[in-house]
Amino acid sequence: MTYSHGITINEISATARPIAALSTAVIGMVSVADDADAETFPLNRPVLIEDVTQAIGKAGDNGTLAPSLSAIADQASPPAIIVRVEEGADEEETAANILGTTTAEGHLTGMQALLGAESQFGLRPRILGTPGLDTLDVATGLATLARKLRGFAYCAAQGETLAEVQDYRQNFSAREQMLIWPEFSDFTGSAIARALGLRSRIDQETGWHKTLSNVAINGVTGLSRPVPFSILGDQPTTASLLNDADITTLVRLDGYRFWGNRTCSDDPLFAFESAARTAQVLQDTIADGLTWAIDKPIVPALIRDITESINAKFRDMQAQELIIGAEASFRESDNSPAAIAAGKLVFDYTYTPCAPAESITLTQRISERFYAQLLSA
């Protein structure tokens, strides 16, 4: 018999694991610039830019790349993954280059190259746009890309009149997309570029649960066209009619601001930008945080640890006021013995995202009762 003279330690690892926060502030952008530095911005290759301001000097003078980087830098200095594409002979050819494809050699081009960015850089682009280049075809493709990346696309609504813009809105139904109209006065694509930068700044400073709306924008001197607007929402204005059509607009209110919270979703549960992004963040946060549990033996401790890991993260998010509340559970009705024997576990969770205070009602009454105070004085 072997004797142990001293202390023996048995390490027990059956416990809930902390789930890390997700990085949501990474921009993914497709641009054109025929005179950009080819080494810094190779064609159809995703490039990680860690210092947006420094990269402007390599972005050339032509195309959309340099002004878009400048507009982003006005708002923040976020990590950005940039894909430069070749400008075509016409709008259709340029759009095809932006949409991209898979080459015979297996390379992803155009916006498709953003799909491989995470495996290359360890960062997933989640704030997506093609400033100044978002035609109908490009905007439609960008919505599809946003769904694949579980990101969010910001696109310009096309049209010269309110009626044209409202009609253009009917082309979209994705909860991962927001339309913006009109432009700022400095360049075509200015509004979208600034939306990308501001969205990243809000994520970093406030959180992904705050919408783009009603936050001061840096570096803006004017609008491309006036947008009649009133803080009192009881009278129809151009801004309110655009918002009614699920289009975010631009207003001058103590500076310049985006005004609108709505996505293009055909599901009212995801009408708000904050609801759509909360759903994405919860999905990826929980999935990434449970990697440790994959292929572990299915025993009661594993089920308890998974459930408690999720709920601990929910409590943390609720304490930070990122969500109103959430709860995960393991239900016997969802997990038959046959399914468990096949290595399958089903967990259920319910959550409530933070809605923006989009409409605040004040009730005003006239009364004689304060005359009594006057007389007593």
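Visitor: Which residues have the most contacts inside the largest nonpolar core?

Guide: This is a predicted model, in which local features need pLDDT of at least 70 and side-chain atom pairs count only at pLDDT 80 or more, while totals for chains, interfaces and linings use all residues. Residues are numbered from 1 along each chain as its sequence is written, and side-chain values use heavy atoms, with hydrogens and water left out.

A nonpolar core is a set of buried Ala, Val, Leu, Ile, Met, Phe, Trp, Tyr and Cys residues joined through side-chain atoms within 4.5 Å; buried means under 20% relative accessible area, exposed over 50%, and partly exposed in between (1.4 Å probe, protein chains only). The largest such core has 37 residues, and those with the most contacts inside it are Phe-41, Leu-65, Leu-69, Tyr-154, Ile-180, Leu-212 and Phe-258. The helix α7 gives the most to this core, with six residues. Apart from it lies another core, of 32 residues, among them Val-85, Met-111, Trp-181 and Ala-245.

Helices (H or I, at least four residues) and strands (E, at least two) are DSSP runs, numbered from the N terminus. Counting contact as heavy atoms within 4.5 Å, and leaving out residues up to four places away in sequence, Ile-180 touches residues including Tyr-154, Ala-191, Leu-212 and Phe-258.

The peptide bond from Trp-181 to Pro-182 is cis, with omega near 0°. Pro-182 is placed in the loop between β6 (177-180) and α7 (190-205). Most peptide bonds are trans.
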